[in-house]
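Hi,

Here is the structure I promised to pass on. Have a look at it first, then read on for what turned up.

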Amino acid sequence: MSAELINGRDLAQELRNQMKDEVIALKKDGVTPHLTVVLVGDNPASRSYVKGKEKASAEVGIQSKVIELPGTVSEEELLQLINELNDNNSVHGILVQLPLPKHIQEQKVIETISPSKDVDGFHPVNIGRMMTGQDTFLPCTPFGIMTMLHSKDISIEGKHAVIIGRSNIVGKPIGQLLLNENATVTYCHSKTKNLKEFTTKADILIVAVGRPNVINEEHVKEGSVVIDVGINRLQDGSLTGDVDFDSVVEKASHITPVPRGVGPMTIAMLLHNTIKAAKGLT
Ligand code: GUN
């Protein structure tokens, strides 16, 4: 049997259509949601992600501005810019595209963004709120994954979720969000021994490693839900995930493709968070 696809591109489009109406209503009240994105240096992948965020913002009527800084900018200058954006009442959301050049401490930058404008959900105050189950800005990729699971009415309570990857952006927070909905959560990572022993027990398998073909049909349980967070560019320029899609699709009950999977959902949730910020909800 072939798995049902969870198409993130279509779901993200549906969400953007709903958000257009929300933005129109906000504009009637005199509020135009505004997102400022800060791009430091000339990392081509970062540039491409930022372009995607600009395009999606424009589609739903969110005003976006990209501030480009050279890779040589000092940490002090960047922090000063963030403080100015924090003080600017017309800016609702601030996103500093990661990674940053090595001479800039990312954590310091994240902690300088006002928690009420932290549409990435990376500030420790927002992470703390997420961990304690309070309403806050949720990190966009994990939030997108949860929205995909909910869209298919996939039950989470009591299910064994196995996460591969422990990054602050994806692995750690997706485990927390699944735990908040009463899943039993196991984290695997680069030092995990016998990965298969864990992955074959997963009802929900989240793969966020950043390497193609880490997971094949031998790693997954029949009927499991497989979420592929990887976006890997191959030599020929095409995109592929972390999961060997062609073999796993025959064994899973649901699977996300790459492209058209988690990627578009990440951007949709950023727009959602920006609208939430404009409404002054956190
Ligand atoms: N780099 C890769 N993913 C992200 C993200 O979700 N937010 C930011 N700010 N940088 C990223």
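Before anything else, a word on terms: helices (at least four residues) and strands (at least two) are DSSP runs, numbered from the N terminus. Also keep in mind that this is a predicted model.

**How confident is the prediction?**
The average pLDDT of the protein chain is 97, and 99% of the residues score at least 70. Element by element, strand S7 (residues 204–207) has the highest mean pLDDT, 99, while strand S9 (residues 232–233) has the lowest, 94. For the model as a whole, ipTM is 0.96 and pTM is 0.97.

**Domains**
The chain splits into domain 1 (29–114) and domain 2 (139–263). Their centres, taken over C-alpha atoms, are 28 Å from each other.

**Around the ligand**
Which residues sit around the ligand? They are Leu-95, Val-96, Gln-97, Leu-98, Asp-120, Cys-140, Thr-141, Ile-169 and Thr-266. Strand S4 (93–96) and helix H6 (140–151) are the elements that give two or more residues to this shell. By type, the shell has 5 nonpolar residues, 3 polar and 1 charged. Domain 1 and domain 2 each supply at least three residues to the shell.

H6 is mostly covered, with 9 of its 12 residues buried. Among the buried ones are Cys-140 and Thr-141, which also belong to the ligand shell. Others include Pro-142, Phe-143 and Met-148.

Most residues other than glycine have a negative phi, and most peptide bonds are trans. Here are some exceptions to look up on your screen.

- Leu-98 and Pro-99 are joined by a cis peptide bond, with omega about 0°. Leu-98 is one of the ligand-shell residues, and Pro-99 lies in the loop between S4 and helix H4 (106–112).
- Val-258 to Pro-259 is also a cis peptide bond, with omega near 0°. You'll find Pro-259 in the loop between strand S11 (254–255) and helix H10 (262–278).
- Arg-260 is in the loop between S11 and H10 too, and has a positive phi, near 75°, although it is not glycine. Arg-260 counts as partly exposed because it has 17 C-beta neighbours inside 10 Å.
- Asn-182, another residue that is not a glycine, has a positive phi of about 70°. Its place is the loop between helix H7 (171–180) and S6.

Is Asn-182 buried or exposed? With 11 other C-beta atoms within 10 Å, Asn-182 is exposed, because the cut-off for exposed is 12 or fewer.

**One more loop**
Ser-190 is in the loop between strand S6 (184–188) and helix H8 (195–199). Ser-190 is exposed too, since 9 other C-beta atoms lie within 10 Å.

Definitions and conventions: Residues numbered from 1 in each chain as written. Predicted model: local features only at pLDDT ≥ 70, side-chain atom pairs only at ≥ 80, totals over all residues. Near = placed C-beta within 6 Å. Nonpolar A, V, L, I, M, F, W, Y, C, P; charged D, E, K, R; others polar. Domains from an automatic or database assignment. Buried ≥ 20, exposed ≤ 12 C-beta atoms within 10 Å, placed from the backbone. pLDDT = per-residue confidence, 0-100.
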